[in-house]
Amino acid sequence: AQSVTQPDIHITVSEGASLELRCNYSYGATPYLFWYVQSPGQGLQLLLKYFSGDTLVQGIKGFEAEFKRSQSSFNLRKPSVHWSDAAEYFCAVFTGGGNKLTFGTGTQLKVEL
Amino acid sequence: DTGVSQNPRHKITKRGQNVTFRCDPISEHNRLYWYRQTLGQGPEFLTYFQNEAQLEKSRLLSDRFSAERPKGSFSTLEIQRTEQGDSAMYLCASSPGGGSVHSPLHFGNGTRLTVT
């Protein structure tokens with residue numbers, strides 16, 4: 001079955017430092033991959049998506065992600081983190097018919113000032 | 001585009017009571033999804049609608065759960081005889097659908113259910 005794994009439950013970075021959040025997927029064909037962000041008590045906001053084509057995708061809020069088929073990865077990056085980026089980040093993949101999403105368990109990002 | 005709207009934001013109920021949540025999708029989005037999120041976990045798929053037709057239900061959706069989308073617009077999710085294990089955030093999402101794979105899901109802010 002299609003799935004995504006986020007190996008890091010918590011990550012702490014200093015404001016202004018670079019960020020990389022890991023996501024590994026398990027899928028037989030070319031996956032449709034997403035990163036969402038969730039602030040406390042809120043719903044999920046789409047950061048970016050990968051369907052095909054250029055393996056480096058740009059998203060909102062200065063985030064980018066790179067699809068690497070050889071590593072089955074879709075890691076999220078940001079060159080310089082802002083305190084407002086503190087939130088939970090979820091990697092997800094379209095699963096089966098109906099474009100259902102299967103989510104990873106999330107990575108909680110803490111930003112130190 | 002006013003976004004996906006969910007009501008209520010919070011619901012506290014006693015075990016054994018019935019609860020109903022409402023979701024208003026983005027207008028003209030013909031797909032509507034329900035997800036459940038427990039603490040420390042990612043959202044888990046419950047069910048989805050294409051217009052008024054409920055096309056798939058997860059095994060997570062026990063007989064106590066029922067979802068409707070009678071006119072293909074708003075949807076309701078009802079939980080009967082609530083149990084403490086039902087405590088979670090219930091998220092609704094919508095997408096234009098129509099079979100396009102280039103239609104990401106747009107999520108509402110969720111309804112947080114606490115069963116005491």
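Is R64(B) buried or exposed? With a relative accessible area of 12%, R64(B) is buried, where buried means under 20% relative accessible area, exposed over 50% and partly exposed in between (1.4 Å probe, protein chains only). The model is predicted, so local features need pLDDT of at least 70 and side-chain atom pairs count only at pLDDT 80 or more, whereas totals for chains, interfaces and linings use all residues. Residues are numbered from 1 along each chain as its sequence is written, chains are lettered from A in the order in which they are written, and side-chain values use heavy atoms, with hydrogens and water left out.

The structure holds 8 salt bridges over all chains, a salt bridge being a side-chain nitrogen of Lys or Arg within 4 Å of a carboxyl oxygen of Asp or Glu. Three of these pairs are tabulated here.

| Pair | N to O distance |
|---|---|
| E56(B) and K100(A) | 2.9 Å |
| R77(A) and E66(A) | 3.1 Å |
| R64(B) and E83(B) | 3.4 Å |

R64(B) lies in the loop between β6 and β7 (65-68) of chain B and E83(B) in the loop between β8 (75-79) and β9 (88-95), so the pair ties together parts 19 residues apart in sequence; strands (E, at least two residues) are DSSP runs, numbered from the N terminus. E83(B) is partly exposed at 40% relative accessibility.

Across the interface of chain A and chain B there is 1 salt bridge. The contact (heavy atoms within 4.5 Å) takes 21 residues from chain A and 23 residues from chain B.

Definitions and conventions:
Helices (H or I, at least four residues) and strands (E, at least two) are DSSP runs, numbered from the N terminus.
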